[in-house]
Amino acid sequence: MMSKIKKVVLAYSGGLDTSVIIPWLKENYDGCEVIAMCADIGQGDELDVVRDKAIASGASKIYVEDLVKPFLEEYVWPTLKAGAVYEGKYLLGTSFARPLIAKAMVAIAEKEGADAIAHGATGKGNDQVRFELTIKALAPQLKIIAPWREWEIRSREDALAYAAAHNVPVATSNKTYSMDRNIWHLSHEGADLEDPWNAPKNEMLLVTKAPEAAPDKAEYVTVDFEKGLPVAVNGEKLASVELLTKLNEIGAANGIGITDITENRLVGMKSRGVYENPGGAILYYAHRELEYLCLDRQTMHYKEGVAIRYGELVYDGMWFTPLREALAAFVDSTQETVTGTVRLKLYKGNIMAAGAKSPYSLYSKEFVTFERDEVYNQADATGFINLFGLPLKVRALMKKEAGIK
């Protein structure tokens, strides 16, 4: 162990693992001072006890940072504009929270004159990478301590024993699953979900209603966007936090946003998770519907590829990288005309398009109509098809002449 570490900023959740880390750091890093940092990103009542618990566990002080607004506006909204989804399903709820938390930790470390930053991510997961890449990008001089890669604790029972030996207060918990929560999502992993054959149990859901328990009548919702950013729900202008809170309520009541995925972790293994994303699912669907109206074919198709790469970068913890920032600049350019209103129909877990309009719509009824029109000469298609198909014709003639079947 390195005794020269004098002060550490710890990413603190109030749970068993991060509470145990506090005395472990002091014991193994020559009595260093531990400052806890808890990020409020909309996880609700989970924050009620963190202040007292951190101090009781041995921290010299604790910062509880209100990061809900920057979380949405600086991390979620750019990812939404990109249409970035990991492996076609995961809306990146944990992924883009980690660079935000790590950035806040760096700021506190610099303010407090800390030597190191510590986190409670395990050596099996993605979060260790997300935390540490952010720290390397923003404050490469800081030492990074990852106890799960160093200590002898290997199970909850080990952690409980260590807590008891070091007078760390432990709250009783009846949680079945490992969960991560913020205003954007709630994730569930572990227990029966570790077998991909097991369907998620309805009683697991804590945010969204099970679809079969949702109302038997469809609910309609409208979302307004300005340059790709959501600004209003059902005609009411709302700030970012209030807007997502409203859509979470509407989506949850209708069983929206339940995602079950066996995903490829960055560290090489597959993991199975169930995510609850009621408001996020509505926003992604609505944003995509508006882009159908407002983006030309070439831009839209190219942006689909960008969305996949953007999602991978976010998932991999590469938020503060030149490529992610360059792709974000491209995305912002495409969103200049993504302004308008989308109406959606919500029914028992399903989202269906129910209309869209925009002052920048590229849809022209005059050109596309099946009725008589004065703007499109159908005979023009003959020359277009002849030129478009010329490579196929030349290749077919070559094969015939060469005797190739």
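**Group meeting: a predicted model, from overall fold to local detail**

The secondary structure of the protein chain comprises 13 helices and 14 strands. Please keep in mind throughout that this is a predicted model. The C-alpha atoms of the chain fill a box of roughly 85 × 60 × 45 Å along the principal axes. The chain has 405 residues, and buried residues make up 47% of them. As for contacts between residues at least 6 apart in sequence, 74% join residues at least 24 apart.

Leaving aside neighbours within four places in sequence, Trp 184 is in contact with residues including Phe 71, Val 76, Trp 77, Leu 91, Gly 93 and Phe 96. Further along the chain, the contacts of Trp 184 include Leu 244, Glu 276, Asn 277, Gly 280, Leu 283 and Tyr 284. Two of these partners, Leu 91 and Tyr 284, bring us to the next topic.

That topic is the second largest pocket. About 510 Å³ of space lies within it. Its lining consists of 23 residues, and Gly 83, Val 85, Gly 88, Leu 91 and Tyr 284 lie nearest the centre. Strand 11 (258-264), helix 8 (278-294) and helix 9 (297-315) each supply at least two lining residues. Helix 8 gives the most, with 6 residues. What is the make-up of the lining by class? There are 11 nonpolar, 7 polar and 5 charged residues.

Next, the charged pairs. Side chains of opposite charge can pair when their charged atoms come close. In this model the count comes to 17 salt bridges. I shall present three of them.

In the first, the side chains of Lys 7 and Glu 33 meet with an N to O distance of 3.9 Å. This pair links distant parts of the chain, for Lys 7 belongs to strand 1 (residues 7-11) and Glu 33 to strand 2 (residues 33-40), 26 residues apart. Lys 7 counts as buried because its relative accessibility is 17%, under the 20% cut-off. Glu 33, at 28%, counts as partly exposed. Both residues also belong to a network of salt bridges that links Lys 7, Glu 33, Lys 61 and Glu 112.

The second salt bridge is formed by the side chains of Arg 149 and Glu 132, at 2.8 Å from N to O. Here too the pair links distant parts of the chain, 17 residues apart: Arg 149 lies in the loop between strand 5 (143-145) and helix 6 (156-165), while Glu 132 lies in helix 5 (residues 127-138). Glu 132 is buried, with a relative accessible area of 11%, whereas Arg 149 is partly exposed at 44% relative accessibility.

The third pair is local. Glu 312 forms a salt bridge with Arg 309, the closest N and O atoms being 3.2 Å apart. The two residues are 3 apart in helix 9, so about one helical turn separates them. Both partners count as partly exposed, Glu 312 at 31% relative accessibility and Arg 309 at 35%.

I come now to backbone geometry. Most residues other than glycine have a negative phi. Asp 30 has a positive phi of about 55 degrees, although it is not a glycine. Where is Asp 30 found? Asp 30 sits in the loop between helix 1 (16-28) and strand 2, and it counts as exposed at 58% relative accessibility. Glu 87, likewise not a glycine, has a positive phi of about 50 degrees. Glu 87 is placed in the loop between helix 3 (68-82) and helix 4. With a relative accessible area of 36%, Glu 87 is partly exposed.

One last residue remains. Ala 164 is found in helix 6. Is Ala 164 buried or exposed? Ala 164 counts as exposed, because its relative accessibility is 57%, over the 50% cut-off. The C-alpha atoms of Ala 164 and Trp 151, which are 13 residues apart along the chain, are separated by 17 Å.

Notes:
Residues numbered from 1 in each chain as written. Predicted model: local features only at pLDDT ≥ 70, side-chain atom pairs only at ≥ 80, totals over all residues. Heavy atoms only, no water. 1 Å grid on protein atoms, 1.4 Å probe; cavity = no way out; pocket = protein on both sides within 12 Å on 5 of 7 lines; lining within 4 Å. Points joined across faces, edges and corners; volume = space filled by probe spheres on them. Helix = DSSP H or I, 4+ residues; strand = E, 2+ residues; numbered from the N terminus. Nonpolar A, V, L, I, M, F, W, Y, C, P; charged D, E, K, R; others polar. Salt bridge = Lys/Arg side-chain N within 4 Å of Asp/Glu carboxyl O. Buried < 20%, exposed > 50% of the residue type's maximum accessible area, 1.4 Å probe, protein only. Contact = heavy atoms within 4.5 Å.
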